[in-house]
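Thanks for sending this one over. Here are my notes, as numbered points you can check against the view below.

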Amino acid sequence: MFLACLYGFFFVSLGWQWVGLLRELFTRGKINEIMLGIVDFISYISVVIMIDMMYKLKKYSFLTLIGLGFGFLAFLLPKAIKFFFRGFHILLEYPLEGFSFFVFLTIFISVGIYTEKKI
């Protein structure tokens with residue numbers, strides 16, 4: 001859906017300049033009528049796709065945001081697991097540094113939660 005919207009935006013913003021250039025080449029006799037018809041058809045279809053995608057995004061915007069949120073969480077979950085187990089590995093290998101890592105982590109999370117509830 002996003003790629004179709006991006007494709008449509010590309011052809012609307014840049015496509016009309018190419019259509020004008022190809023029309024100019026057609027009037028000079030540099031390209032044939034079939035090529036010009038193909039370019040007109042592609043530029044028309046891209047506008048239709050873009051408008052259709054805009055309506056679909058407006059209609060299903062809440063579901064799109066939920067999907068993006070789940071995708072973002074799925075992207076960050078392995079990094080969060082790796083971050084936690086690095087701290088745990090430091091705790092096992094160097095106990096004082098690992099303990100300070102978890103203390104600082106707990107302090108920063110607690111301050112974040114406290115300021116969020118205050119605001």
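1. A definition to begin with: two residues are in contact when heavy atoms lie within 4.5 Å of each other. Taking the contacts between residues at least 6 apart in sequence, 47% join residues at least 24 apart. Please keep in mind that this is a predicted model.

2. Now the overall make-up. The protein has 5 helices and 0 strands, and its pattern along the sequence reads α-α-α-α-α.

3. How much of the chain is buried? Of the 119 residues, 13% count as buried. The protein exposes about 10100 Å², and carbon and sulfur atoms supply 77% of that area.

4. Next, have a look at the pair formed by helix α4 (residues 61–93) and helix α5 (residues 95–118). Their axes are 5 Å apart and pack at an angle of about 145°. The crossing of α4 and α5 is left-handed.

5. Which residues meet where these two helices pack? On the α4 side they are F83, F84, G87, F88, I90, L91 and E93. On the α5 side, their partners are P95, E97, G98, F99, F101, F102 and L105.

6. F102 lies in helix α5 and, leaving aside residues up to four places away in sequence, touches F84, G87, F88 and L91. F102 and F84 are 18 residues apart along the chain, and their C-alpha atoms are separated by 9.1 Å.

7. Why does F102 count as buried? Its relative accessibility is 17%, and buried means under 20%, so F102 falls in the buried class.

8. Finally, the surface. A nonpolar patch of about 670 Å² is made by Y60, F62, L63, I66, F70 and L73.

9. Is I66 buried or partly exposed? I66 has a relative accessible area of 34%. The partly exposed class runs between the buried limit of 20% and the exposed limit of 50%, so I66 is partly exposed.

Methods
Residues numbered from 1 in each chain as written. Predicted model: local features only at pLDDT ≥ 70, side-chain atom pairs only at ≥ 80, totals over all residues. Heavy atoms only, no water. Patch = residues over 30% accessible without salt bridge, like charges linked within 9 Å, V, L, I, M, F, W, Y side chains within 5 Å. Areas by Shrake-Rupley, 256 points an atom, 1.4 Å probe, with all protein chains shown as cover. Salt bridge = Lys/Arg side-chain N within 4 Å of Asp/Glu carboxyl O. Helix = DSSP H or I, 4+ residues; strand = E, 2+ residues; numbered from the N terminus. Buried < 20%, exposed > 50% of the residue type's maximum accessible area, 1.4 Å probe, protein only. Axes fitted to C-alpha atoms, helices over the stretch in contact; angles between N-to-C directions. Left-handed = near helix turned anticlockwise from the far one by under 90°.
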